[in-house]
Amino acid sequence: MYRDYIDPKFTWKNFNLEEQAKAIVAPRSNNELDAANFKKEFPELLPVKESLIMYVFKPNQKTSMT
């Protein structure tokens, strides 16, 4: 999304598992928050990706995407 909205020339290099082990102390954990209670209480909440686009990327989008 950063590349789509901010800098189309941005690149990155992914870690391999060995590099990741050197860079972080704890092993990777894939946890998921159950947001069912939040959705009941605040039905107007947007999904994370839509919120990021609306409130982070679009307001900071470059006017000229060259």
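Leaving aside its neighbours within four places in sequence, Pro59 is in contact with Ile53 and Met54, where contact means heavy atoms within 4.5 Å. The model is a predicted one, in which local features need pLDDT of at least 70 and side-chain atom pairs count only at pLDDT 80 or more, while totals for chains, interfaces and linings use all residues. Residues are numbered from 1 along each chain as its sequence is written, and side-chain values use heavy atoms, with hydrogens and water left out.

**Pro59**

- Pro59 lies in the segment after α4; helices (H or I, at least four residues) and strands (E, at least two) are DSSP runs, numbered from the N terminus.
- Pro59 counts as exposed because its relative accessibility is 53%; buried means under 20% relative accessible area, exposed over 50%, and partly exposed in between (1.4 Å probe, protein chains only).
- From C-alpha to C-alpha, Pro59 and Ile6 are 9.9 Å apart in space, although 53 residues apart in sequence.

**Overall architecture**

- The protein chain contains 4 helices and 0 strands, and its pattern along the sequence reads α-α-α-α.
- The protein chain is more spread out than a compact globule, because its radius of gyration is 17 Å, well over the 11 Å that the globule rule gives for 66 residues. The radius is taken over C-alpha atoms, and the rule is 2.2 Å times the number of residues to the power 0.38.
- The C-alpha trace spans about 40 × 40 × 10 Å along its principal axes.
- Of the contacts in the protein chain with a separation of 6 or more, 68% are between residues 24 or more positions apart.

**Surface and charge**

- Buried residues make up 6% of the 66 residues in the protein chain.
- The accessible surface of the protein chain comes to about 6600 Å², and 56% of this belongs to carbon and sulfur atoms; areas come from the Shrake-Rupley method with a 1.4 Å probe, and for residues only the protein chains shown count as cover.
- There are 10 positive and 9 negative side chains in the protein chain, and the centres of the two sets lie 7 Å apart. Lys and Arg count as positive and Asp and Glu as negative, without His and the chain ends; each charge is placed at NZ of Lys, CZ of Arg, CG of Asp or CD of Glu.

**Asp34 and Ala36**

- Asp34 is found in the loop between α2 and α3 (36-41), and it counts as exposed at 62% relative accessibility.
- Ala36 belongs to helix α3 and is partly exposed, with a relative accessible area of 34%.

**Confidence**

- The protein chain averages a pLDDT of 87, and 94% of the residues score at least 70; pLDDT is the predictor's confidence in each residue, from 0 to 100.
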